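Here is a quick tour of a protein model, written for someone who likes to check distances and angles. Have a look at the structure first, then read on.

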Amino acid sequence: MSRLAVVCGGSRGIGKAVSRLLAERGCRLAVVSRNEDAARSTVASLRGADHVALSCDVSKEQEVQKTFETIQNTCGNISYLVNAAGINRPLCVCVCLFRDALLLRTKPEDMLALLHTNLLGTMLTCRAALRSMLHTQGAAIVNIGSVVGLKGNAGQCVYSASKAGLEGFTRSLAKEVASRNVRVNLLAPGFIRTDMTAGLKEEDGLRSIPLGRFGVPEEVAQAVLFLLESSYITGQVLVVDGGLQLVM
């Protein structure tokens, strides 16, 4: 039977590109999204059969538990988990565009929303998925972080903290489950053309990117696939940013 891949945040942007690529590689997909209609639309566009769409807010423990129990009962053991669900303010090298994101102007409820979805949500989905992944040969997890989590960015303190936390979490979990042959890695994108960066003028950022352009979700998906299939890589951070971190 083909491998079962769960993609959280799999209905749009990077997650959707990952879902499509894994389907092309012959995986069965469980596309998880807060928007069930969007998840169903993505599943309908995937190559192959036996894909499922599920609605889940990854920041809510009970929803996560119920969703992964459903996946286990209806689809079987999980081979791959990709955590692409997240909320953010677009990565920006011009602080003036996002002054309302400065820490002094950030509401506590906005802080909690970012931390719960970007960090706690990944912790919850990993914990829920591992119950079946521990019984799967070649199981792997890829968490999606951000270059901002590695380098920091003025005006994005909370977002940066949520993504930086993923690095420590990923490395620690990799140590915990390595003896069970489950690999855990982090992918850190830079400027990628998605809905989250749609409000940015691409030309404003091009001078700051050594390769001179934004990336596209499909390029990130290729990196995710590399980490999922690389049997001797765990606890690592792979940066996909066109060289942006070199100048941050």
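Arginine 40 and glutamate 36 form a salt bridge, with 2.7 Å between the closest N and O atoms. Keep in mind that this is a predicted model. Both residues belong to helix H2, and they sit four residues apart, about one turn of the helix. Arginine 40 comes out as partly exposed at 47% relative accessibility, and glutamate 36 is partly exposed too, at 31%.

As for why such pairs turn up, side chains of opposite charge can pair when their charged atoms come close.

| Salt bridge | N to O distance |
|---|---|
| Glutamate 229 and arginine 25 | 2.9 Å |
| Glutamate 219 and arginine 213 | 2.6 Å |

The bridge between glutamate 229 and arginine 25 links distant parts of the chain: the two residues are 204 residues apart. Glutamate 229 is in helix H8, while arginine 25 is in the loop between H1 and E2. Glutamate 229 counts as partly exposed, with 38% relative accessibility. In the bridge between glutamate 219 and arginine 213, glutamate 219 has 32% relative accessibility and counts as partly exposed; arginine 213 is also partly exposed, at 38%.

Back to H2, which covers residues 36–45. Which of its residues are buried? They are Ala39, Thr42 and Val43. Looking down the axis of H2, you'd find these buried residues within an arc of 100°, so they line one face of the helix. The exposed residues Asp37 and Ala44 are on the face turned away from that buried side. Among the elements covering the buried residues are helix H1 (13–24), strand E2 (28–33) and strand E3 (52–55). The N-terminal end of H2 has a cap as well: a side-chain oxygen of asparagine 35 lies 3.0 Å from the backbone nitrogen of aspartate 37.

Next, helix H6, which runs over residues 157–177. How does its span compare with what 1.5 Å a residue would give? The 21 residues of H6 should span 30 Å, and the end C-alpha atoms are 30 Å apart, which agrees.

Is it buried or exposed? With a relative accessible area of 11%, serine 160 is buried. Setting aside neighbours within four places in sequence, serine 160 is in contact with Val148, Gly149 and Gly152.

Then there are a couple of backbone angles to check. Aspartate 50 isn't a glycine, yet it has a positive phi of about 65°. You'll find aspartate 50 in the loop between H2 and E3, where it counts as exposed at 59% relative accessibility. Asparagine 181 is likewise not a glycine and has a positive phi, of about 60°. Asparagine 181 lies in the loop between H6 and E6, and it is exposed, with a relative accessible area of 54%.

Last up are the aromatic rings. How many aromatic pairs does a search of the whole structure find? It finds one. The ring centres of phenylalanine 191 and phenylalanine 214 are 4.8 Å apart and the planes are at 15°, so the pair is stacked. Planes under 30 degrees apart count as stacked. This pair links distant parts of the chain, its members being 23 residues apart. Phenylalanine 191 is in the loop between strand E6 (183–189) and helix H7 (202–206), and phenylalanine 214 is in the loop between H7 and helix H8 (217–229). Both phenylalanine 191 and phenylalanine 214 are buried.

Terms used: Residues numbered from 1 in each chain as written. Predicted model: local features only at pLDDT ≥ 70, side-chain atom pairs only at ≥ 80, totals over all residues. Heavy atoms only, no water. Phe/Tyr/Trp six-rings, centres within 6.5 Å; stacked < 30°, edge-to-face > 60°. Buried < 20%, exposed > 50% of the residue type's maximum accessible area, 1.4 Å probe, protein only. Contact = heavy atoms within 4.5 Å. Arc of directions from axis to C-beta. Polar contact = N/O pair within 3.5 Å; in protein donor to acceptor, adjacent residues only side chain to side chain. Expected span 1.5 Å × (residues − 1). Salt bridge = Lys/Arg side-chain N within 4 Å of Asp/Glu carboxyl O.
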